[in-house]
Amino acid sequence: METSTFVYDGDCAFCTTCAQFIERRIPTSARVVPWQFADLAALGLSVAECEEAVQWVGADGARAAGPDAIAKLLAASGPLWRVAGAGLRFPPVRAAAWPLYRWVARNRHRLPGGTAACALPQEARERLYGPSGRPSAEA
């Protein structure tokens, strides 16, 4: 793989807002891509993994999820962001980051930028809205 990839849920407005912040404010050579448009097989990821947490696949093949993926993204960024990434990898911070990440993931539909679709698993979203994201005739 030529470049590292940070994968997020493109169906979630909260996640998309965070990804847009990354693209605007965090200088990184990593690709930031919604999993719905990523070649998951080439990245070695599954839909279930991507629905559960953001994912990092390094150019070297190293993988990480959740706050560990965020730490990897920050470590591959500008100098100030690398410090933040190192802080996120510090064991006491990392231990606190995982429960906080899980809380945010469970409640992202309630956070600024979140929508009701953020709360639904992909299978339920497709059943209700179809693969195009528009409501189906059956809904």
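Modeller: What follows covers the fold, the helix packing and the salt bridges in turn.

Biologist: Before that, what are the ground rules?

Modeller: This is a predicted model, in which local features need pLDDT of at least 70 and side-chain atom pairs count only at pLDDT 80 or more, while totals for chains, interfaces and linings use all residues. Residues are numbered from 1 along each chain as its sequence is written, and side-chain values use heavy atoms, with hydrogens and water left out.

Biologist: How many helices and strands are there in the protein?

Modeller: The protein has 7 helices and 4 strands. Helices (H or I, at least four residues) and strands (E, at least two) are DSSP runs, numbered from the N terminus. Along the sequence, the pattern reads β-α-β-α-α-β-β-α-α-α-α.

Biologist: And what share of the residues is buried?

Modeller: Of the 139 residues in the protein, 38% are buried. Buried means under 20% relative accessible area, exposed over 50%, and partly exposed in between (1.4 Å probe, protein chains only).

Biologist: What about contacts between residues 24 or more positions apart?

Modeller: Such pairs account for 58% of the contacts in the protein with a separation of 6 or more. Contact here means heavy atoms within 4.5 Å.

Biologist: How do the axes of helix 4 and helix 5 cross?

Modeller: The two axes come within 7 Å and cross at roughly 150 degrees. That makes helix 4 roughly antiparallel to helix 5. Axes are lines fitted to C-alpha atoms, for helices over the stretch in contact, and angles run from 0 to 180 degrees between N-to-C directions. Angles under 35 degrees count as roughly parallel, over 145 as roughly antiparallel, 65 to 115 as roughly perpendicular, and the rest as oblique.

Biologist: Which residues make that contact?

Modeller: Helix 4 contributes P67, I70, A71, L74 and A75, and helix 5 contributes W81, R82, A84, G85, L88 and R89. By class, this contact of helix 4 with helix 5 has 8 nonpolar, 1 polar and 2 charged residues. Ala, Val, Leu, Ile, Met, Phe, Trp, Tyr, Cys and Pro count as nonpolar, Asp, Glu, Lys and Arg as charged, and the others, Gly among them, as polar.

Biologist: And how do helix 5 and helix 6 meet?

Modeller: Their axes come within 5 Å and cross at roughly 80 degrees. Helix 5 and helix 6 are therefore roughly perpendicular to each other. G87, L88 and R89 in helix 5 meet P91, V93, R94 and A97 in helix 6. The residues of this contact divide into 4 nonpolar, 1 polar and 2 charged.

Biologist: Changing topic, how many salt bridges are there?

Modeller: The count comes to 2 salt bridges, a salt bridge being a side-chain nitrogen of Lys or Arg within 4 Å of a carboxyl oxygen of Asp or Glu. In one of them, D68 pairs with R94, with the closest N and O atoms 2.6 Å apart. D68 lies in helix 4 and R94 in helix 6, so the pair ties together parts that are 26 residues apart in sequence.

Biologist: Is D68 buried or exposed?

Modeller: D68 has a relative accessibility of 18% and therefore counts as buried. R94, at 37% relative accessibility, counts as partly exposed.

Biologist: What else do those two touch?

Modeller: Not counting residues up to four places away in sequence, D68 touches R94 and W98. With its neighbours within four places left aside, R94 is in contact with D68, L88 and R89.

Biologist: Which residues form the other salt bridge?

Modeller: E49 forms a salt bridge with R63, and the closest N and O atoms are 2.6 Å apart. E49 lies in helix 3 (residues 47-52) and R63 in strand 4, so this pair ties together parts that are 14 residues apart in sequence. E49 counts as partly exposed at 27% relative accessibility, and R63 counts as partly exposed at 39%.
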